[in-house]
Amino acid sequence: MEKIPDDSVLIEKALCGDEDALSSLVRRYQNVVARLIERITHRPEWVEDLTQQVFLSAFQNLPGFQRRSGFMTWVYRIAVNASLEALRKEDARRRLFERVEHEREFLPDSLIIQDQNSGERMVLDREIQMEVREALERLPGEARAVLTLRYLEEFSTPEISEILKIPEGTVRSRLYYARLELARIMEPFVDSAIPARYKERE
Amino acid sequence: MSCKKYQGLLVAYLDNELSGREKDELERHLAQCTDCRALAQKLTRGIQIFKTLGQAEMTSELSPYLPERIAAQVMEKRFTPRSWRARLGLAFGTLALLIGLTFGYVLRPYLAGPSDTRDSLSLTAIRFQSEGIGVDIEGDHFILHSRDKKGVNGIDLKL
């Protein structure tokens, strides 16, 4: 069986102008990059363009790539920055009020949320899911990026520090304020409104 | 430690990233501080919804040709080290030519050939004189001196 070359081998080949090595690196990481972009931007229609932009940027800067961090960490950093830049450029009003209709089709009829601490289960129907998604749109980009890296991509504090190139203390502080903001935004859904809006599934 | 210090550790605690003395101290503090307990409770709000919605399937799809398309674009834009050298060489060459032409123009009077040496010397003399420096040309000697012609500070240049 042919041995799968590791990143450093592919990078060396890519630097020598090997087109196959370039496409192999894209194939290896395109899905994690696309997933990260979609999770941060919540804009499925941007994902392919931004993914392409991330890899083009990575490859054009490949000669200056410091091998201290891994290729994936480096590409993650570029993806986070590209996502935040795209969000900054977007018209804030459009973001708040334009509903992406096709997104609704992809939502399940109901979604079960189980609280890790209390074990309590909640069921969100499609309408509530849309409302929660709209509420999450109000989270600032940087807060969403750090929450995504921690709770969806499941990176540790040192790993996030490496990806975002910020000190670990700053990562903790950003997580703290992001969670406070998330709690504020989610308040209508998880406090008094919950019993009335969520149906317990037997 | 103050409440503020403990609050800075709350997220790490809720994410099971704390251990040892820090964790023990924070737990002792939480047992007796209702404000910090309330804050810890607040910080857990919404995180499960965020995780569950975020882990839902992606709705975007990537083109199966994306890797090849990106690689082709990179190759198109790429400057190989050789072509970089060629471009750098061309840039330096042009710069050297421009510098040469400029110096050639400025030093033209001084660099004139033997046939027009006399004319060039006259031109140079006029320039020095306009700067307040006296010039005498004697045979193939070129003497610069102050206007009062005391001569002691004169410079004698042999051509």
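Author: Gladly! Helix H4 (residues 71-89) of chain A packs with helix H9 (residues 157-164) of chain A at an angle of about 70°, their axes 8 Å apart. This is a predicted model, where local features need pLDDT of at least 70, side-chain atom pairs count only at pLDDT 80 or more, and totals for chains, interfaces and linings use all residues. Residues are numbered from 1 along each chain as its sequence is written, and chains are lettered from A and ligands numbered from 1 in the order in which they are written.

Reader: How are H4(A) and H9(A) oriented to each other?

Author: Angles of 65 to 115 degrees count as roughly perpendicular. H4(A) and H9(A) are therefore roughly perpendicular to each other.

Reader: Which residues in H4(A) and H9(A) meet?

Author: Two residues are in contact if their C-beta atoms, placed from the backbone, lie within 7 Å. Here Thr73(A), Tyr76(A), Arg77(A) and Val80(A) of H4(A) meet Glu162(A), Ile163(A) and Leu164(A) of H9(A). By class, the residues of this contact are four nonpolar, one polar and two charged.

Reader: How many helices and strands does chain A have?

Author: Helices (at least four residues) and strands (at least two) are DSSP runs, numbered from the N terminus. Chain A comes to 11 helices and two strands.

Reader: And how many residues of chain A are in contact with chain B?

Author: In chain A, 48 residues are in contact with 35 residues of chain B. H10(A) gives the most to that side of chain A, with 12 residues.

Notes. Axes are lines fitted to C-alpha atoms, for helices over the stretch in contact, and angles run from 0 to 180 degrees between N-to-C directions. Angles under 35 degrees count as roughly parallel, over 145 as roughly antiparallel, 65 to 115 as roughly perpendicular and the rest as oblique. Ala, Val, Leu, Ile, Met, Phe, Trp, Tyr, Cys and Pro count as nonpolar, Asp, Glu, Lys and Arg as charged, and the others, Gly among them, as polar.
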